[in-house]
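Please read this note with the model open beside it. The points are numbered so that each can be checked on its own.

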Amino acid sequence: MKYLHTMLRVGDLEKSIQFYCEILNFELIRRCDFPEGQFTLAFLKARGDQNNTAELELTYNWGVNRYEIGTGYGHLAYQVESIDVIKNRLNDFNLQLSWGPGKTPNGKQKMAFLTDPDGYKIELLE
């Protein structure tokens, strides 16, 4: 078995692509419109992922600009070289970390959280 992707429904595809690509340094690898189903899929990957493992699929259902995040959702997590670099990129967009930086519960790593344009939490581990 191979892990392929995680899908998030987004209310503004362009804003979400900009967030993930310009702040978290992801790259858009493909985008497909499905007029018959009235949705668009955008697949992103972390630039530093040498093994091309899991992708992030952003799904925009045409005409839907907001979703409720359920109580079962926790967060996405990414290993990063520098939380401070991401924090500086957030500042460029007048955004900020939603928590941290601080230490992981075991005290061994630096961590922080941020929130994407749709309210999804993202954990950053340095």
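1. Basis. This is a predicted model, in which local features need pLDDT of at least 70 and side-chain atom pairs count only at pLDDT 80 or more, while totals for chains, interfaces and linings use all residues. Residues are numbered from 1 along each chain as its sequence is written, and side-chain values use heavy atoms, with hydrogens and water left out. Helices (H or I, at least four residues) and strands (E, at least two) are DSSP runs, numbered from the N terminus.

2. Sheet with E1. Four strands form an open sheet in the order E1-E4-E3-E2, and the pairing is mixed; two strands pair if DSSP finds at least two bridges between them. E1 and E2 are at the edges with a single partner strand each, so one side of each has no neighbour in the sheet. On average, neighbouring strands here are turned by 20° against each other, direction ignored. E2 and strand E3 (residues 39–46) run antiparallel and are joined by eight bridges. Glu 27 stands opposite Lys 45 in E3.

3. Sheet with E5. A four-stranded open sheet has the order E5-E8-E7-E6, also with mixed pairing. The twist from one strand to the next averages 20°. E7 pairs with strand E8 (residues 121–125) in the antiparallel sense over five bridges, and Thr 115 stands opposite Lys 121 in E8. H2 packs on this sheet and touches E6, E7 and E8, its direction making about 25° with that of E7.

4. Hairpin. Strand E6 (residues 99–103) and strand E7 (residues 110–115) are paired in the antiparallel sense over three bridges. Gly 102 has Met 111 as its bridge partner in E7. Six residues lie between the two strands of this hairpin, and Gly 107 in the turn has a positive phi of about 75°.

5. Helices. H1 lies across E1, E2, E3 and E4, running at about 160° to E2. How do the two helices H1 and H2 pack? Helix H1 (residues 13–23) and helix H2 (residues 83–92) pack at an angle of about 140°, with axes 10 Å apart. That makes H1 oblique to H2, since angles under 35 degrees count as roughly parallel, over 145 as roughly antiparallel, 65 to 115 as roughly perpendicular and the rest as oblique. Phe 19, Glu 22 and Ile 23 of H1 and Ile 86, Arg 89 and Leu 90 of H2 make the contact (heavy atoms within 4.5 Å).

6. Backbone details. The peptide bond from Gly 100 to Pro 101 is cis, with omega near 5°; Pro 101 is found in strand E6. Asn 25, a residue other than glycine, has a positive phi near 65°. Asn 25 is placed in the loop between H1 and strand E2 (26–34).

7. Largest pocket. The volume of the largest pocket is about 590 Å³. Of its 25 lining residues, those closest to the centre are Leu 24, Ala 46, Gly 48, Gln 79 and Val 80; lining residues have an atom within 4 Å of a point on a 1 Å grid. E5 gives the largest share of the lining, four residues.

Technical notes:
Axes fitted to C-alpha atoms, helices over the stretch in contact; angles between N-to-C directions. 1 Å grid on protein atoms, 1.4 Å probe; cavity = no way out; pocket = protein on both sides within 12 Å on 5 of 7 lines; lining within 4 Å. Points joined across faces, edges and corners; volume = space filled by probe spheres on them.
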